[in-house]
Amino acid sequence: MTETTKHELALRMAELARLVASPRRVEDVLSDVTAEVLELIPGADAAGILFVGKAGQFESVAGTSELPHRLDELQMKYREGPCLQAALDELIVRTDDFRTEKRWPMYSAAAAELGVLSGLSFKLYTSSQTAGALNLFSTRASAFDGESETIGAVLAAHAAAAVLASRQSEQLESALSTRDRIGQAKGIIMERYNVDDVAAFDMLRKLSQDSNTKLVEVAEKVIDTRGT
């Protein structure tokens with residue numbers, strides 16, 4: 001990697017870091033990452049991100065063309081492929097020629113038939129519910145090398161940071177919303193039965209235990225009775 005290339009890479013990484021930290025939709029940040037893949041990694045003709053749920057559902061996002069989505073669908077159909085392997089197991093998975101690739105015979109044959117010969121996938125993260133991978137594809141054999149892996153790993157780190165930040169924000173919003181609903185339900189019980197907040201919460205908790213229902217669901221039912 002030349003000094004000019006290193007400088008350009010550093011500038012682009014700084015810009016991506018700023019975008020990840022800014023209040024933007026995670027989908028937009030991921031689209032920026034896959035677009036940068038095509039700019040920074042020679043030989044990459046298409047890029048996308050695959051999310052895989054523990055129940056087997058999948059989501060193909062931020063594709064630079066329709067091709068990554070078609071390849072993701074093939075992997076979920078055959079339950080094999082480099083993107084799945086990266087998302088669920090290995091950190092980096094590289095394929096130099098799908099025409100001779102033996103690890104995923106059904107997927108490799110289908111990818112080659114679409115004109116895709118090389119692939120490079122990076123694990124984004126694996127949580128208790130979802131796994132993800134950043135995936136690069138090329139119509140040329142042996143399109144990716146060690147430098148491609150280095151640059152791709154940095155881009156994958158930025159994508160992972162954006163996803164995890166989004167997930168944490170969603171969890172915080174959910175927790176605040178839950179707290180607010182329980183608070184509303186407590187207020188209704190306090191007013192209706194002339195009890196303090198401790199007794200109101202105990203009533204909610206006992207209803208939850210007796211009905212084997214989540215506390216927030218009980219709270220929502222109480223809120224729904226307001227005015228009746």
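**Note on the salt bridges of the predicted model**

1. Arg94 and Glu149 are joined through their side chains by a salt bridge, with an N to O distance of 3.0 Å. Arg94 belongs to strand β3 (residues 92-95) and Glu149 to helix α6 (residues 146-193), so this pair ties together parts 55 residues apart in sequence. Helices (H or I, at least four residues) and strands (E, at least two) are DSSP runs, numbered from the N terminus.

2. The structure is a predicted model, in which local features need pLDDT of at least 70 and side-chain atom pairs count only at pLDDT 80 or more, while totals for chains, interfaces and linings use all residues. Residues are numbered from 1 along each chain as its sequence is written, and side-chain values use heavy atoms, leaving out hydrogens and water.

3. A salt bridge here requires a side-chain nitrogen of Lys or Arg within 4 Å of a carboxyl oxygen of Asp or Glu. Six salt bridges are counted by this rule.

4. Arg94 is partly exposed at 29% relative accessibility, as is Glu149 at 22%. The classes are buried (under 20% relative accessible area), exposed (over 50%) and partly exposed (in between), with a 1.4 Å probe and protein chains only.

5. In helix α7 (residues 197-211), Arg205 and Asp202 are three residues apart, about one helical turn. Their closest N and O atoms lie 3.1 Å apart in a salt bridge.

6. Asp210 also pairs with Lys206 in a salt bridge, at 2.8 Å between the closest N and O atoms. These two residues of helix α7 are four apart, again about one helical turn. Asp210 is exposed at 57% relative accessibility, whereas Lys206 is partly exposed at 48%.

7. Through shared partners, salt bridges link Arg94, Asp96 and Glu149 into one network.
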